[in-house]
Amino acid sequence: MYLVRKWNEIMGPKDERLEAEENKAAKVSGYILLIGSILSLYYSIMLNQVAYTTDNPILTGLGENVVPVQLPLTLTILIAGIATIAMQTKSGFFSSRKRFAEIDSMPWDYVSIFAVFCGAVIGILTCTMRIVAEIQIVGFEHVAWLGDLAIGVIFFGMGFAIGFAAIALSIHDAIKRRREIERELEA
């Protein structure tokens, strides 16, 4: 609770108009995620059902000819995220907080913190999930702890770099679009 209160103090109040735009983008993203997830799940069920009824296990050579379920699910997540960012950028903002609603220059401290957060989440998640997978596959005593940690560090670096570039580009485009909208309103 303390962290939420502190975050709200730092970020300041929300702009109601921008919050409404943000909610529209989140709603569209939610629908994309829901529909894409249902279609991916249904595809998975049908793959398993056909494989079972025809006595053709997917986890054999036959599986190489099948589109893996992860592909449509991953595409769904990417499309939902891109749609949200695109809608917000098109509206000329990237945050509904008044502190960032009408900025004219890049907030590099915010971009850096965002990138560190992205990197940390991806690095910790990668390391943890690899450890969990190894425990299930090779057993606890054969887990490559240092290797998993090294991969987590590498993924932290990649997540940081991609997060930094993505948020900086998004903010830059939002500032540029907001200025275009302001010029159109003045004309």
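Reader: Which residues make up the largest nonpolar core?

Author: This is a predicted model. Its largest nonpolar core has eleven residues: Met11, Phe94, Ile103, Met106, Tyr110, Val111, Ile167, Ala168, Ile171, Ala174 and Ile175.

Reader: What makes this set a nonpolar core?

Author: Two conditions. The residues must be buried nonpolar ones, and they must be joined through side-chain atoms within 4.5 Å. The eleven residues, Met11 and Phe94 among them, form such a core.

Reader: Which helices each supply at least two residues of this core?

Author: Helix H5 (108–137) and helix H6 (145–186). The largest share, five residues, comes from H6.

Reader: What is valine 111 in contact with, leaving aside its neighbours within four places in sequence?

Author: Met106, Phe164, Ile167, Ala168 and Ile171. Val111 is itself one of the core residues.

Reader: Why are H5 and H6 called roughly antiparallel?

Author: Their packing angle is about 150°. Angles over 145 degrees count as roughly antiparallel. H5 and H6 are therefore roughly antiparallel to each other. Their axes are 6 Å apart.

Reader: What is the hand of the crossing where H5 passes H6?

Author: H5 passes H6 in a right-handed crossing. The residues of this contact divide into 21 nonpolar, seven polar and three charged.

Reader: How do you know that H2 is roughly antiparallel to H3?

Author: Again, set the angle against the cut-off. Helix H2 (residues 16–53) and helix H3 (residues 70–91) pack at about 170°. The cut-off is over 145 degrees. That makes H2 roughly antiparallel to H3. The axes of H2 and H3 are 9 Å apart, and their crossing is right-handed.

Reader: Which residues make the contact of H2 with H3?

Author: From H2, they include Glu21, Ala25, Val28, Ser29, Ile32 and Tyr43. From H3, they include Pro72, Leu73, Ile77, Ala80, Thr84 and Met87. By class, this contact has twelve nonpolar, eight polar and three charged residues.

Reader: Why is threonine 84 called buried?

Author: The relative accessible area of threonine 84 is 17%. Buried means under 20%. Threonine 84 therefore counts as buried.

Reader: Where is threonine 84 placed, and what does threonine 84 touch, not counting residues up to four places away in sequence?

Author: Threonine 84 lies in helix H3. Beyond that stretch of sequence, threonine 84 touches Ala25 and Ser29. Ala25 and Ser29 belong to the H2 side of the contact with H3.

Technical notes:
Residues numbered from 1 in each chain as written. Predicted model: local features only at pLDDT ≥ 70, side-chain atom pairs only at ≥ 80, totals over all residues. Heavy atoms only, no water. Buried < 20%, exposed > 50% of the residue type's maximum accessible area, 1.4 Å probe, protein only. Helix = DSSP H or I, 4+ residues; strand = E, 2+ residues; numbered from the N terminus. Contact = heavy atoms within 4.5 Å. Axes fitted to C-alpha atoms, helices over the stretch in contact; angles between N-to-C directions. Parallel < 35°, antiparallel > 145°, perpendicular 65-115°, else oblique. Left-handed = near helix turned anticlockwise from the far one by under 90°. Nonpolar A, V, L, I, M, F, W, Y, C, P; charged D, E, K, R; others polar.
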